[in-house]
Amino acid sequence: MLKLHNLKIILLFLVITSCKNAKNDADTLYYGGPILTMEDDNPQVEAIAIKDGKILFAGSKQNAKRFIGDNTNQIDLENKTLMPGFIDAHGHITSRAGMSQAVDLSPSPYGTVNNIPELQTTLKEYINKYQLDPTTPVMGNGYDDAIMEEHRHPTREELDAVSTTHPIIVIHASGHASVVNSAMLKLLQIPEDVKDPEGGHYRRDPKTKRLNGKLEENASFMALMKLTALLPKPPETAGLSQSLKDFLAAQDEWFSYGQTTICDGRTMGVGLTLLREAAAKKLIKADIVYFPDFEANKKEWESFLPHYMKYENNLKFGGFKFSDDGSPQGKTAWLTQPYLIPPEGQSKDYKGFPIFTDEVLYDDLKTIFSKNITAQLHVNGDAAIDQELRVIGKLRQEGIYKPELRATLIHVQNSRPDHISKIKDIGVIPSYFSAHVYLWGDWHYSSVFGPERAAFISPANAAKDAGITFTIHHDAPVTPPDLMTGVYAAVNRITRSGMVLGPEQRIKVIDALKAITINAAYQYHEEDIKGSLKEGKLADLVILNKDPLTIDPKELRSIQVLETIKEGKTVFKR
């Protein structure tokens, strides 16, 4: 009897052990290359085990063996680098989707339209290629006067030279301005004597006082929204609208750049409808955090509250967006000192302009902060930064704004040294569009700010030295959703001409990588589940062809994303 009893105990032990081991078997084990965790106390490991979309283990290869079962997929990285999936701290996926059908007018390094004749030719070729009816509207996107040879915007007359019957609108790379031809002015019913809207301008020829076709800020946004409402909706195919197909293509583009969490940083109108439809149809594979424009959604702002900080079919309402000013490269950002060279038609004391008064901004931010809702706040010029720090600082003193809300200053381009301590004291997060240094650094140096101010754009090292958590973003579709160019620019501070702009603001590669992973997760209140490779966190991963920590920093832009993995499942593979 004793032997039989002992046998039962042994069998029971084996069953329990077997069950326990099966429960701990990893779905996938990665090894054989650098695995960068973004964890300070365990920065690099030999292996990582994944189970049910989460990280089961990150450590030595020897210790990882206990998680290998009969069905574990063991993947040798073959010296490729694995690290946390990149997090888009600020971009505009619905805008990118909406521009998918637009004519690409981007200059180098992402496009080929480097002067106004090439812009005209590209538009004409598009019209001829698709044999458009004579009155069909044409939208172009991405022209950039900062990079184009003429260093100016096209005019109404130059677009009239493309067509007098096709209504044409071309959107500036910054998204903060556009130019229309005469046919588009007629279609949108914009008369010659139109008055400027609040927070926007219809620009005129300084000699004739006639509209020159350039629309800035709210004048441009209003034109685009009206045009969108006028355009016929394309028919559905395979059960999906063209808008949803464009959205899925944009999501795939973000995946191809290694991002597993995506931002929609100024959601309004059709963009909001698009996100909700994509979520309802369970088409969102990434995590998308969206920030409705508060002014555009002011009447129904409280309807968003039940969705705050909750993922619903991978879609999360993360707070509201406010746009305080415009674009520095487009010269609509609000400065305290004049632009080095004012835009055509402006006086030497031109400093750009604000979108809000302090009173409006105070009331709106008090409304949402009182409900413990955070915000992304677009500030490019130092006057706009001053305004936000002034208003949020007052709300902080009144106990309405709390640092745990993690309100984020977006771009913070024309920052000054005195801003750094104020940002820290008030408790907001600066998110830098660091690619400015590379893409527009020469323009900022020679035309926008001048040498001294240009040297302090995107001052990531000043923030780092002050102990401020900062992030880096790409602002797509201003650029493609390309975070590695932002990393390259933050680390090297090299402009397109090869000049080093503000060398004292260079940061280490690891700090730039944290800015697009663990810091960005913190910005979104998600540092407990994302941003680093640690047991229990989501298995959001990216595999790179090179180790960013060991290559020459000047080669960072050459790094390729080979595979993007969302919660253990491959969503992109090169």
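A cavity, on a 1 Å grid over the protein atoms alone, is a set of points where a 1.4 Å probe fits but cannot get out; a pocket is an open set with protein on both sides within 12 Å along at least five of seven lines, and lining residues have an atom within 4 Å of a point. Grid points are joined across faces, edges and corners, and a volume is the space filled by probe spheres set on the points.

What you're looking at is a predicted model, where local features need pLDDT of at least 70 and side-chain atom pairs count only at pLDDT 80 or more, while totals for chains, interfaces and linings use all residues. Residues are numbered from 1 along each chain as its sequence is written, and side-chain values use heavy atoms, with hydrogens and water left out.

The largest cavity holds about 60 Å³ of space. Its lining includes His176, His378, His411 and His436, along with Asp475 and Phe433. Sorted by class (Ala, Val, Leu, Ile, Met, Phe, Trp, Tyr, Cys and Pro are nonpolar; Asp, Glu, Lys and Arg are charged; the others, Gly among them, are polar), that lining has three nonpolar, eight polar and one charged residues.

The second largest cavity comes in at about 50 Å³. Among the residues around it are Phe291, Met309, Arg406 and Tyr524, and its lining counts four nonpolar, six polar and one charged residues.

**An open one**

Now for the second largest pocket, with a volume of about 570 Å³. Its lining takes 28 residues, and Asn212, Lys214, Pro343, Glu344 and Gly345 lie nearest its centre. Strand E11 (200–204), strand E12 (211–217) and helix H13 (435–448) each give two or more residues to that lining; helices (H or I, at least four residues) and strands (E, at least two) are DSSP runs, numbered from the N terminus. E12 provides the largest share, four residues. By class, this pocket's lining has eight nonpolar, eight polar and twelve charged residues.

**Salt bridges**

The structure holds 27 salt bridges, each a side-chain nitrogen of Lys or Arg within 4 Å of a carboxyl oxygen of Asp or Glu. Here are three of them.

| Pair | N to O distance |
|---|---|
| Arg152 and Glu158 | 2.6 Å |
| Glu277 and Lys281 | 3.3 Å |
| Lys566 and Asp540 | 2.8 Å |

Buried means under 20% relative accessible area, exposed over 50%, and partly exposed in between (1.4 Å probe, protein chains only). Salt bridges with shared partners join Asp287, Lys316, Glu526, Lys530, Asp540, Lys566 and Glu567 into one network.

As for the other pairs, Arg152 is partly exposed at 28%, whereas Glu158 counts as buried at 17%. Glu277 is partly exposed at 26%, and so is Lys281 at 38%.

**Helix H8**

Helix H8 (residues 242–256) has 15 residues, and its end C-alpha atoms are 21 Å apart, which agrees with the 21 Å it should span at 1.5 Å a residue; the expected span is 1.5 Å times one less than the number of residues. Its buried residues include Leu244, Phe247, Trp254 and Phe255. Among the elements covering them are helix H3 (93–98), helix H9 (270–280) and E23, with contact meaning heavy atoms within 4.5 Å. After H8 comes Gly258, with a positive phi near 85 degrees.
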